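Reader: I'd like to learn how to read a ligand site and a pocket in a model like this one. Can you walk me through it?

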Amino acid sequence: MTDRIYGVADTTFSRVNMGEIAVKTITKEDPEGKIIRYTVPGIKDLPVAAKKLIEEGCDGVITLGWVGKTQLDKYSYLAASIGLITVQLMTSTHVIDVTIHEDETEDEERLRDIAIDRAKKHSINLVKLVRDGRSALTGLAGKGLRQGYENAGQLD
Ligand SMILES: Cc1nc2c(=O)[nH]c(=O)nc-2n(C[C@H](O)[C@H](O)[C@H](O)CO)c1C
């Protein structure tokens, strides 16, 4: 066991258990790492969860949020997002903000697939950043990678 610790923060509002997907993916990618999970009611509760995870020793955190379809939900996401960025700046620690917007598609099966893909791909991104450092993603720069969708591809 190494001393790498990953934080996973998720919500009961979410309609897909993305926290579990993140835990499984991180465990597969970095079996030596430790994971601390923290589940809160909704996205506006994620910033403090992420901050507490970092204060408790996490080297990086992934948050998994679900935004409803209403204008109020979207404003809530804006507030949560600013909170998560603030946590990153306060702690100089990556908080990968994985968010599913319920109006990305009307098709619920497709929405589930987007959530699973996004949670998995960003969990791998977190492991790369935490375990391998700031250059870990450089080989993938400009490749048009997408989470939740097919990659858009490189133009040059
Ligand atoms: C309007 C609203 N929309 C969402 C949402 O789209 N997604 C979500 O996860 N949570 C939402 N919440 C709940 C807040 O994030 C928070 O959980 C409560 O205000 C309690 O602090 C609220 C209040």
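Predicted model: local features only at pLDDT ≥ 70, side-chain atom pairs only at ≥ 80, totals over all residues.

Reader: Which polar atoms of the protein pair up with the ligand, and at what distance?

Author: Look for N or O pairs within 3.5 Å. The side chain of Asp45 puts an N or O atom 2.6 Å from a ligand oxygen. Trp66 uses a polar backbone atom, 2.8 Å from a nitrogen of the ligand. Gly68 also works through its backbone, with an N or O atom 2.9 Å from a ligand oxygen.

Reader: How much of the ligand does the protein bury?

Author: Compare the ligand taken alone with the ligand in place. By itself it exposes 490 Å², and the protein buries 72% of that.

Reader: What about the largest pocket: what is its volume, and which residues line it?

Author: The general idea is that rolling a probe the size of a water molecule over the atoms shows where empty space is left. Here the largest pocket has a volume of about 180 Å³. Its lining includes Lys121, Ile124, Asn125, Lys128 and Leu137. Leu140, Leu145, Arg146, Gln147 and Asn151 line it too. By class, that lining splits into 4 nonpolar, 3 polar and 3 charged residues.

Reader: And what confidence does the predictor give?

Author: The protein averages a pLDDT of 97, and 99% of the residues score at least 70. For the complex, the ipTM is 0.99 and the pTM 0.97.

How values were computed. Residues numbered from 1 in each chain as written. Heavy atoms only, no water. Polar contact = N/O pair within 3.5 Å; in protein donor to acceptor, adjacent residues only side chain to side chain. Areas by Shrake-Rupley, 256 points an atom, 1.4 Å probe, with all protein chains shown as cover. pLDDT = per-residue confidence, 0-100. 1 Å grid on protein atoms, 1.4 Å probe; cavity = no way out; pocket = protein on both sides within 12 Å on 5 of 7 lines; lining within 4 Å. Points joined across faces, edges and corners; volume = space filled by probe spheres on them. Nonpolar A, V, L, I, M, F, W, Y, C, P; charged D, E, K, R; others polar.
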